[in-house]
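Hi there,

Here is the structure I promised to pass on to you. Have a look at it first, and then read on for my notes.

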Amino acid sequence: MALRLLIIAAAVLALASSFAEASDPSSLQDFCVAVKDSKAAVFVNGKICKNPMEVDADDFLFQGLNKPGNTSNPLGSAVSAVNVNNLAGLNTLGISLARIDFEPYGLNPPHTHPRATEVLQSWKAPSTLGSSFLIRRQE
């Protein structure tokens, strides 16, 4: 009798837990080039999508990360961001990129990246580049 109740409890638990799913939704298509015209095409999960038949290589091209930013400000740093707002081909891909230029003792103010990752690489750094990460405890 006890074995029978154990088997029934395990079956109910297995069935109940199979309905729970926690994940990010998969992308609905390979790419969705953003357009500013809201009547242009289909809305997916970002900005409005350009008609795939009208997409060309320029939709995936950004020129400007080779140019240093203006660091003459109180922070002594300049951020050149590349995201869907200036590179339409990044729409719905969850990708962005930034170039940060620092003066000596320049700062990048504290900021967050919810559900994202940050990778730092330094070029032409004659001195140390310090970086800190704060981790919030999930309770």
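Below is what I found, going from the whole chain down to single residues.

One thing to keep in mind from the start: this is a predicted model.

**The chain as a whole**

The protein chain contains 1 helix and 2 strands, and from the N terminus they come in the order α-β-β. The helix α1 covers 2–17, while β1 spans 77–82 and β2 spans 97–102. Of the 139 residues in the chain, 16% are buried. The accessible surface amounts to about 12000 Å², with 59% of that area belonging to carbon and sulfur atoms. Taking the contacts with a separation of 6 or more, 50% are between residues 24 or more positions apart.

**The disulfide**

You will find 1 disulfide in the structure. Its partners are Cys32 and Cys49, with 1.8 Å between the sulfur atoms. The pair links distant parts of the chain, 17 residues apart, and both cysteines sit in the loop between α1 and β1. The torsion about the S-S bond is -100 degrees, which makes the link left-handed. Are these two cysteines buried or exposed? Cys32 has a relative accessible area of 1%, so Cys32 counts as buried. Cys49 is buried too, because its relative accessibility is 3%.

**Salt bridges**

The count of salt bridges comes to 2. One of them joins Asp59 to Lys50, where the closest N and O atoms are 3.0 Å apart. Asp59 is buried at 12% relative accessibility, and Lys50 is buried at 19%. With the cut-off for buried at under 20%, the value of 19% puts Lys50 in the buried class.

The other salt bridge is between the side chains of Asp101 and Arg99, at 2.9 Å from N to O. Here Asp101 is buried, with a relative accessible area of 13%, whereas Arg99 is partly exposed at 23%.

Which residues does Asp101 contact once its neighbours within four places in sequence are left aside? They are Lys67, Pro68, Gly69, Thr71, Gly76, Ser77 and Ala78.

Thr71, one of those contacts, is placed in the loop between α1 and β1. Thr71 counts as buried because its relative accessibility is 11%. The side chain of Thr71 makes a polar contact of 2.5 Å with the side chain of Glu103. Not counting residues up to four places away in sequence, Thr71 touches Gly76, Ser77, Ala78, Asp101, Phe102 and Glu103.

Which residues make the nonpolar surface patch? Leu3, Leu6 and Ile7 do, and the patch has an area of about 330 Å². Ile7 is part of helix α1. With a relative accessibility of 52%, Ile7 counts as exposed, because the exposed class is set at over 50%.

**Two backbone angles to look at**

Thr92 has a phi near 70 degrees and is found in the loop between β1 and β2. Tyr105 has a phi near 65 degrees and lies in the segment after β2. Tyr105 counts as exposed, because its relative accessibility is 82%.

Best wishes

Notes
Residues numbered from 1 in each chain as written. Predicted model: local features only at pLDDT ≥ 70, side-chain atom pairs only at ≥ 80, totals over all residues. Heavy atoms only, no water. Helix = DSSP H or I, 4+ residues; strand = E, 2+ residues; numbered from the N terminus. Buried < 20%, exposed > 50% of the residue type's maximum accessible area, 1.4 Å probe, protein only. Disulfide = S-S within 2.5 Å. Salt bridge = Lys/Arg side-chain N within 4 Å of Asp/Glu carboxyl O. Patch = residues over 30% accessible without salt bridge, like charges linked within 9 Å, V, L, I, M, F, W, Y side chains within 5 Å. Areas by Shrake-Rupley, 256 points an atom, 1.4 Å probe, with all protein chains shown as cover. Contact = heavy atoms within 4.5 Å. Polar contact = N/O pair within 3.5 Å; in protein donor to acceptor, adjacent residues only side chain to side chain.
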